[in-house]
Amino acid sequence: MNISFYSYKGGAGRTQLCANIAAYLCFYKQRKILLWDWDFEAPGLHRYFGLAENEVKVNGTLELLENHLRIMRSKEEVSKEDLKTIGSDNIKPLAKSGKGGQIDLIPAGNYLKDYSVRLSEFNWAEFLLDYDGAIFVEELKKRLKDFDYDYIFIDSRPGSSDYLGISNVLLPDVNIILISPNDQNFHGSLTIINQILQHNYVKKGYRDNYIIPILSRLDVNHHEAEKWTRKFLDTFSFLLANLFQPFKEMNYQEIDIENYFFEKTFLPYNYSISAGENLFFGGERENISPVSFKRIFANIAEFLEDLRLLGMVQFKELNFSQFPLKFLSNISMEQGKKLLEKAEEATVNNNVDTANNNYKEAIQVFKNVLRSDSNNFDGLINLGKAYLGQKRYIKAKGNFIKALNINENSETAWIQLSNCLFEMGDFREAEKIIKKTLEKYPKSKDVKYFQARILLEGGKKNAGLQLFNEMQSDLMKKGESEQQFFFNEIKDLDDN
């Protein structure tokens, strides 16, 4: 069973929980656990087992990904036999119980080989979008089944990152999300949870949607402790119905699930364990007091044992010929949109080189989205906008027309097509399109606004000015750059 450990912000106790649940399962349950460090920017799982970076001494995930890129760049045709997958030389033994329990580690990378430099130079967009990186990661995931681990724990990078879709969506069967008591953690965690649940990879059934929310680092003596506890339950208890579904035959339905779950998983702030890398289980097995902080780690581990032993979480092997990279569409689209925003901002600021580079990268991202889903409406619209930014009008026009073939009632697509014709200098056709659009959406302020712009710049200034006056109050709500455009046009009219 693969489980990711994630927190929206650092300092929630994510890695400490990951390491200690592994230790409990190893020494108390005699399980085999693999720790997989996906916190590339701040790897630290090895520290909980007394190892410094220079003592890890094995090639890790970064080296595997780099090797994949090298092979894919060097050959036109690549078979699975060409790819270097996980082997024993990527695994560092950490601990053994003496009774079959075992903890191993795949580190983020080899920290002795210019790790930080290589990490900063690694191109995640190229890996994921150009060279089938997600398929390679799926192969790594499948390869680990051969090692016969009971659990694979993934220590995921906090916040947002280029590879969050891998460590939080693609790799795990279960997500454990630690949530500290403040608004940014609550909001950020809920956003990530919804992204996981709405992701194509989950919605298509290629993994289960078990998510375990854990409130952590709340001081029970704080005067607002009760408020934050209630807020946690109100915000995240919707996850519990699905989470407890497997336990119907174990009489869990006869108890108050919210309170039961909270009592078993709440990780309160404890100053005695808040500093250092503390491992609380190891060596001789001891009785754990029901009021000890160790009991909480044990309870969470026991809950995972129930999930595993009931067989509710199962490995699902993908058939990529039927499902080619569609699970990456959401991640890729967001990357492309960010690049497009940067390009448009650079264009406004006359940073030509920056704009061109970002438009170029955005085009590559959207083309890869469309390669896996040719009818992706947003992909067509955004690819058209990126081409338009590069003044590649024919390609832009073609993508807007394709988008309209998918959804002929899209106001956005009609406006973008008219804008493209306008930028090409075909004012008559642009005006014709925008008039038709206005017939479809007579109350649309955006369509009227764009029609006024076409009239003003297309030589029909009196008509444009009349329309401008009719919607002046709405225009005042637009951005300063848009206001300035119209004010300049009016000034030109007055001067003439």
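Predicted model: local features only at pLDDT ≥ 70, side-chain atom pairs only at ≥ 80, totals over all residues.
A residue is called buried when its relative accessible area is under 20%. L340, with a relative accessible area of 3%, is therefore buried.

**The chain as a whole**

The chain has 496 residues, and buried residues make up 51% of them. Its secondary structure comes to 22 helices and eight strands. Among contacts between residues at least 6 apart in sequence, 73% join residues at least 24 apart.

The average pLDDT of the chain is 82, and 86% of the residues score at least 70. Over residues 318-329 the pLDDT is below 50, and this stretch has 30 contacts in the model beyond near neighbours in sequence. Residues 480-487 also have a pLDDT below 50; for this stretch the model shows 14 contacts beyond near neighbours in sequence.

L340 belongs to helix α13, which spans residues 329-348. Setting aside residues up to four places away in sequence, L340 touches Y359, A362, F366, N382, K385 and A386. E361 is 21 residues from L340 along the chain, and the C-alpha atoms of the two are separated by 8.6 Å.

One of the residues that L340 touches is N382, which is found in helix α15, residues 377-389. Is N382 buried or exposed? Its relative accessibility is 8%, so N382 counts as buried. Apart from residues up to four places away in sequence, N382 touches M333, K337, L340 and F366.

N399 counts as buried because its relative accessibility is 7%. A polar atom of the N399 side chain lies 2.8 Å from the backbone oxygen of K395. Leaving aside neighbours within four places in sequence, which residues is N399 in contact with? They are L370, L380, L383, G384 and Y387.

**Exposed residues**

The loop between α15 and α16 holds K391. The phi angle of K391 is near 65°, a positive value in a residue other than glycine. Exposed means a relative accessible area over 50%, and K391, at 59%, is therefore exposed.

D114 also has a positive phi, near 50°, and is a residue other than glycine. D114 lies in the loop between β4 (102-106) and α3 (115-121). With a relative accessibility of 58%, D114 counts as exposed.

K96 lies in a strand, β3, which covers residues 92-96. K96 is exposed, with a relative accessible area of 64%. Not counting residues up to four places away in sequence, K96 touches C26, F27, G101 and Q102. Between K96 and R31 there are 65 residues of separation in sequence, and their C-alpha atoms are 9.7 Å apart in space.

The table sets out the relative accessible area of the residues described so far.

| Residue | Relative accessible area | Class |
|---|---|---|
| L340 | 3% | buried |
| N399 | 7% | buried |
| N382 | 8% | buried |
| D114 | 58% | exposed |
| K391 | 59% | exposed |
| K96 | 64% | exposed |

**Cavities**

How many cavities of 30 Å³ or more does a search of the whole structure find? The search finds two. The largest cavity holds about 150 Å³ of space. This cavity is lined by 16 residues, of which Q16, R217, L267, P268 and I273 are the closest to its centre.

Two or more lining residues come from each of these elements: α1 (14-29), β7 (210-218), β8 (267-268) and α12 (293-309). Among the contributors to the lining, α12 gives the most, with three residues. By residue class, the lining of the largest cavity divides into 10 nonpolar, five polar and one charged.

Terms used: Residues numbered from 1 in each chain as written. Heavy atoms only, no water. Helix = DSSP H or I, 4+ residues; strand = E, 2+ residues; numbered from the N terminus. Buried < 20%, exposed > 50% of the residue type's maximum accessible area, 1.4 Å probe, protein only. Contact = heavy atoms within 4.5 Å. 1 Å grid on protein atoms, 1.4 Å probe; cavity = no way out; pocket = protein on both sides within 12 Å on 5 of 7 lines; lining within 4 Å. Points joined across faces, edges and corners; volume = space filled by probe spheres on them. Nonpolar A, V, L, I, M, F, W, Y, C, P; charged D, E, K, R; others polar. Polar contact = N/O pair within 3.5 Å; in protein donor to acceptor, adjacent residues only side chain to side chain. pLDDT = per-residue confidence, 0-100.
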